[in-house]
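Student: Could we go through this model together, taking one question at a time?

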Amino acid sequence: SIFTIPGLSRIYGRELEPDKVDRLSELIRNKQEFYRSKGSRKHILSCEVFVCGKAYTESVYYTDPVMYGLPERVREYVRNTRTSVPDIHCFMQEHRHEIEGINIIAPDPAINRDLRDIISSSMNVYITSSTGYYIEISAIGVSKAKALDTLSHDLQVKKEQIMAFGDSINDLELLRYAGHAAAMGNAPDKVKKATNVIIPSNDEDGAARDIDIYLSDIF
């Protein structure tokens, strides 16, 4: 969903269909049980659920995401941006009509590919990723580009007037949509190939520098 300022009234949104929420919850639960039965470490995958723009996750993952194989830097991010619930599957069932997206957290590359293949071949959903250990799932028709398109029409801004910057796979549609699109220096090759403009990395203030150059050319 995207919201206007300052009222935060919703101007676009599309929830996952309840039956797909049920199927995703069942898939995640079954995979968790399967890997535990094979003697794998207990905390091998988890998930996050988005309702009304807020992210919820199971208490075990919230307490220590590093146990799931995530880098240490993620610990503070999870604590600051997620809300803990005792049972994420019960939460998904209770909110099955209002879930905007589900992130599956699967750091193991083989498990990540397995889940991605199962979902893409059996469900008509939009799948993307902002980082290697995420599988981000939402309804068809949901993307950063769609949100930007809706907002640009609402504000009467042309595509040619829009600047976009991206460093992850979930930025591809956004970069292809915007009139001026730049891939960050730290972006994967697939993202860099989506635009002719490559700018310095996030750590080098690439976006700010590109905006400054663009505005300098205008004024």
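Student: Which side chain is joined to that of E48 by a polar contact of 2.9 Å?

Tutor: This is a predicted model, in which local features need pLDDT of at least 70 and side-chain atom pairs count only at pLDDT 80 or more, while totals for chains, interfaces and linings use all residues. Residues are numbered from 1 along each chain as its sequence is written, and side-chain values use heavy atoms, with hydrogens and water left out. A polar contact is a pair of N or O atoms within 3.5 Å, where within protein one must be able to donate a hydrogen and the other to accept it, and residues adjacent in sequence count only if both atoms are side-chain atoms. At 2.9 Å, the partner of the E48 side chain is that of R82.

Student: Is E48 buried or exposed?

Tutor: E48 is found in strand 3, residues 46–51, strands being DSSP runs of E with at least two residues and helices runs of H or I with at least four, numbered from the N terminus. Buried means under 20% relative accessible area, exposed over 50% and partly exposed in between, with a 1.4 Å probe and protein chains only. Because its relative accessibility is 0%, E48 counts as buried.

Student: How far apart in space are T150 and Y12, C-alpha to C-alpha?

Tutor: T150 has its place in helix 6, and at 18% relative accessibility T150 counts as buried. T150 and Y12 are 138 residues apart in sequence, yet in space their C-alpha to C-alpha distance is 7.1 Å.
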